[in-house]
Amino acid sequence: MAEIQEFSHHGEVVTATMTLPMESGEHYGAPLTIGYYPNAAEIWIRGEHGTQNIPIEHLPDVIKQLRRAAKLAAEGAAQ
């Protein structure tokens, strides 16, 4: 299960920093940090390769595609 921490930081608000531990106890890559900018209708997701800003109007489609990718990945891993 992902470990989640929440905190705020000056010009941006961090809603979660997630480490992604594997069954072995090691972590799968660097933590993901998720948050938003006050007075802006967008969220951001930051990982070891940079930051992706996502306008909130596009979140339903992004979430839909994440769920689709997760389903396909699970099906592929089960084969």
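Reader: What makes two strands count as paired in this predicted model?

Author: Two strands pair if DSSP finds at least two bridges between them. Strand E4 (residues 42-47) and strand E5 (residues 50-55) have 6 bridges, in the antiparallel sense. So they pair. E4 and E5 form a hairpin with 2 residues between them. Within it, Ile-43 stands opposite Ile-54 in E5.

Reader: Why is the pair of Tyr-37 and Trp-44 called tilted?

Author: The count of aromatic pairs comes to 1. The ring centres of Tyr-37 and Trp-44 are 6.3 Å apart, and the cut-off is within 6.5 Å. Their planes stand at 45°. Stacked needs under 30 degrees, and edge-to-face needs over 60. So the pair is tilted.

Reader: Is Trp-44 buried or exposed, and how do you know?

Author: Trp-44 has 0% relative accessibility. Buried means under 20%, so Trp-44 counts as buried. Tyr-37, at 23%, is partly exposed.

Reader: What makes Arg-46 a charge over the ring of Trp-44?

Author: Arg-46 lies over the face of Trp-44, at 4.2 Å from the ring centre. The distance limit is within 6 Å.

Reader: Why is the contact of Arg-46 and Glu-12 called a salt bridge?

Author: Their N to O distance is 3.2 Å. The cut-off is within 4 Å, so the contact qualifies. The pair links strand E4 to strand E2 (residues 12-19), 34 residues apart. Glu-12 is buried at 14%, while Arg-46 is partly exposed at 28%.

Reader: What makes Glu-75 and Lys-71 a salt bridge?

Author: Their closest N and O atoms are 3.7 Å apart. That is within 4 Å, so the pair qualifies. Both lie in helix H1 (residues 59-78), 4 residues apart.

Note on methods:
Residues numbered from 1 in each chain as written. Predicted model: local features only at pLDDT ≥ 70, side-chain atom pairs only at ≥ 80, totals over all residues. Heavy atoms only, no water. Phe/Tyr/Trp six-rings, centres within 6.5 Å; stacked < 30°, edge-to-face > 60°. Buried < 20%, exposed > 50% of the residue type's maximum accessible area, 1.4 Å probe, protein only. Lys NZ or Arg CZ within 6 Å of the ring centre and 35° of its normal. Salt bridge = Lys/Arg side-chain N within 4 Å of Asp/Glu carboxyl O.
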